[in-house]
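The entries follow the order of my searches.

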Amino acid sequence: MQLYTHTFKAMASPCTLKFYCNDIVAAQKIFQAVEEKTRLFEKRYSRYLPFSIVSKINNANGEAIKVDEETAKLLNFATVAWKISGGLFDITSGAFRTVWDFKNGTVPTSKQIKNVLALVGWEKVKWDGETLQMPAGMQIDFGGIVKEYATDAARTLAESMGVEHGLVELGGDISVIGPHLDGSPWKIALQHPDHKDIDVVVEIGRGCVASSGDYERYFEQDGKRYCHIINPLNGQCAQGVAGVSVIAPHCVMAGTITTTALLKGPQFALDYLAETGLHHQLYLRDYTGEAVLAS
């Protein structure tokens with residue numbers, strides 16, 4: 001059995017598969033199946049594609065939409081994440097992209113934010129497990145969970161095809177299927193939020209790691225950093241938490257926790273992460289704006 005590697009690009013991200021297989025023919029068959037499934041997620045759930053499920057939902061103009069089983073699973077998870085985060089993790093918050101312009105560095109007015117807030121809030125959505133109905137003008141965005149969900153799905157597919165040792169990485173979200181053949185864990189490098197140097201190396205035999213922070217997409221104005229992670233309760237950017245990495249049994253769980261921790265802010269993120277009982281790494285910004293390791 002030998003280690004084979006396959007790289008491709010999907011969901012606007014570099015993706016890497018590393019599987020131990022008996023031969024290259026078997027490896028290529030699994031690589032192809034996993035890549036095709038990953039691209040299918042992109043096709044189905046990208047808000048940028050006009051014929052995606054997300055676009056169909058967002059263009060429903062108040063009408064009820066019956067969804068397929070897989071989309072229902074995503075919506076059910078989004079509902080749970082919204083509840084346990086106290087409303088901080090909300091897939092309807094993507095509407096804020098209409099007023100927050102990170103390309104040109106534009107801070108919206110309080111009036112603009114107030115107008116969007118009227119169209120944000122999972123509590124405004126009618127979801128019965130099969131049919132989704134939103135007020136006209138409201139939108140959902142799976143961007144905060146679909147890549148993590150796809151990473152978990154890729155791992156499950158690879159396992160069903162016989163992979164027992166390997167890992168899946170989709171744009172930095174990593175799911176480890178099993179250790180190397182000799183039993184040694186995979187070494188996963190976690191970068192510093194600002195310097196991009198390898199700051200910590202974690203060892204994982206099985207499990208998932210996801211990272212998030214204010215460094216992925218942001219602009220600075222008048223000495224203040226504005227990142228793309230928006231608090232759905234007030235329309236403001238997450239502040240004070242530079243980066244979070246979490247190791248969990250499932251990638252979609254790890255990703256949800258990292259986003260929620262960012263939105264909790266520097267006063268509450270540390271306690272929140274400790275309460276999860278999961279291995280984590282947290283960076284806070286000090287008074288100079290530098291990212292400092294807090295846990």
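How many cavities of 30 Å³ or more does the count come to? I noted one cavity of 30 Å³ or more. A cavity here is a set of points on a 1 Å grid over the protein atoms alone where a 1.4 Å probe fits but cannot get out, and lining residues have an atom within 4 Å of a point. Grid points are joined across faces, edges and corners, and a volume is the space filled by probe spheres set on the points.

I recorded the basis of the work: this is a predicted model, in which local features need pLDDT of at least 70, side-chain atom pairs count only at pLDDT 80 or more, and totals for chains, interfaces and linings use all residues. Residues are numbered from 1 along each chain as its sequence is written, and side-chain values use heavy atoms, with hydrogens and water left out.

I read a volume of about 70 Å³ for the largest cavity. Its lining has 14 residues, and Ile 57, Ala 60, Gly 62, Glu 63 and Met 134 are the closest to its centre. I found that α2 (53-58) and β5 (131-133) each supply at least two residues of this lining; helices (H or I, at least four residues) and strands (E, at least two) are DSSP runs, numbered from the N terminus.

**Cores.** I then looked up the largest nonpolar core, which has 48 residues. A nonpolar core is a set of buried Ala, Val, Leu, Ile, Met, Phe, Trp, Tyr and Cys residues joined through side-chain atoms within 4.5 Å, and buried means under 20% relative accessible area (1.4 Å probe, protein chains only). Phe 19, Leu 75, Trp 122, Ile 140 and Phe 142 have the most contacts inside this core. Another core, of 21 residues, lies apart from it and includes Leu 88 and Cys 208.

**Aromatic rings.** My search of the whole structure gave nine aromatic pairs. Rings of Phe, Tyr and Trp (its six-membered ring) pair if their centres lie within 6.5 Å; planes under 30 degrees apart count as stacked, over 60 as edge-to-face and the rest as tilted. Trp 100 and Phe 102 are stacked, because their planes are at 15°, with ring centres 5.9 Å apart. Phe 219 counts as buried at 8% relative accessibility, and Phe 102 is buried at 12%.

Terms used. 1 Å grid on protein atoms, 1.4 Å probe; cavity = no way out; pocket = protein on both sides within 12 Å on 5 of 7 lines; lining within 4 Å. Buried < 20%, exposed > 50% of the residue type's maximum accessible area, 1.4 Å probe, protein only.
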